[in-house]
Amino acid sequence: MEVQRVSIATRTGDDGTTSLLYGQRVPKDHPQIEAVGAFDELNVALGAVKPLLGANAHTRELILTLQQNLVALMGELACAEADAARYTASKFAKISGEDVGRIDAAVASLELEGLKFNGWATPGATPLGSALDTARVAARRAERRLTALPAHGRSIRPELREFTNRLADLLWLLARQTEQ
């Protein structure tokens, strides 16, 4: 009996299109695909932070949770507006007010540390700080792509914008923390 293997190379995108979550085909430069790609880049940037954390289990767990949140966010962005209700009713994980609150609590905790900074940061003081700043700018790019979607007919729940904005703030503070 021959075992059939599944390949990542489906070749269905050779024509310059890709699938949204429930099968609708769109151009690879479609605004939703751009947004999903920006959040994927952010997820990878957060992954690059983890090996630099050393024994900091608390921040490692926070980063892992944020990456799981990003997977949920990408899933939601990867469905067509016409399928939004279907996605909402699905069992897929979704960004919630609790996820935003987790970031708010982490920001508040860092701010209580009395971090010192004057105006713009100059990234590069530490490898970990540089990795966090790289993730921060990826978060801001993803935020811009997310913010552009309503102009292209894709509604965005407020929690997604709040999560992304707060995440960039958190990454900025974490980067400053490593410099001190």
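In which helix is leucine 64 found? Leucine 64 belongs to helix α2, in a predicted model in which local features need pLDDT of at least 70 and side-chain atom pairs pLDDT 80 or more, while totals for chains, interfaces and linings use all residues. Residues are numbered from 1 along each chain as its sequence is written, and side-chain values use heavy atoms, without hydrogens or water.

**View A. Overall arrangement of the chain.**
The chain contains six helices and two strands, these being DSSP runs numbered from the N terminus (helices H or I, at least four residues; strands E, at least two). Their order along the sequence is β-β-α-α-α-α-α-α. The C-alpha trace extends over about 55 × 45 × 30 Å along its principal axes. Of the 180 residues in the chain, 39% are buried (buried, under 20% relative accessible area; exposed, over 50%; partly exposed, in between; 1.4 Å probe, protein chains only).

**View B. The largest nonpolar core.**
This core comprises 43 residues, a nonpolar core being a set of buried Ala, Val, Leu, Ile, Met, Phe, Trp, Tyr and Cys residues joined through side-chain atoms within 4.5 Å. Phe39, Leu42, Leu66, Leu77, Phe163, Leu170 and Leu171 have the most contacts inside the core. At least two core residues come from each of α1 (31-49), α2, α4, α5 (127-148) and α6. Helix α6 contributes the most, with nine residues.

**View C. The largest pocket and its lining.**
A total of 14 residues line the largest pocket, a pocket being an open set of points on a 1 Å grid over the protein atoms alone where a 1.4 Å probe fits, with protein on both sides within 12 Å along at least five of seven lines, and lining residues having an atom within 4 Å of a point. His58, Thr59, Leu62, Ala106 and Ser109 lie nearest the centre of the pocket. Helices α2 (57-77), α4 (97-112) and α6 (158-178) each provide at least two lining residues. The lining consists of five nonpolar, six polar and three charged residues (nonpolar: Ala, Val, Leu, Ile, Met, Phe, Trp, Tyr, Cys and Pro; charged: Asp, Glu, Lys and Arg; polar: the others, Gly among them).

One aromatic pair is present in the structure (ring centres of Phe, Tyr or the six-membered ring of Trp within 6.5 Å; planes under 30 degrees apart stacked, over 60 edge-to-face, the rest tilted). The pair is stacked because the rings of tyrosine 87 and phenylalanine 92 have centres 5.4 Å apart and planes at 10°. Tyrosine 87 has a relative accessible area of 3% and is therefore buried, whereas phenylalanine 92, at 43%, is partly exposed. Lysine 94 is placed over the face of tyrosine 87, 5.3 Å from the ring centre (NZ of Lys or CZ of Arg within 6 Å of the ring centre and within 35 degrees of the ring normal).

**View E. The charge over tryptophan 172.**
Arginine 176 has its charged end over the ring of tryptophan 172, at 5.2 Å from the ring centre.

With a relative accessibility of 32%, leucine 64 is partly exposed. Lysine 50, 14 residues away in sequence, is 8.4 Å from leucine 64, C-alpha to C-alpha.

**View G. Threonine 122 in a loop.**
Threonine 122 is located in the loop between α4 and α5. Its relative accessibility is 67%, so threonine 122 counts as exposed. A distance of 9.6 Å separates the C-alpha atoms of threonine 122 and aspartate 133, which are eleven residues apart along the chain.

**View H. Alanine 148 and glutamine 32.**
Alanine 148 is part of helix α5 and is partly exposed, its relative accessible area being 32%. The C-alpha atoms of alanine 148 and glutamine 32 lie 9.2 Å apart, with 116 residues of separation along the chain.
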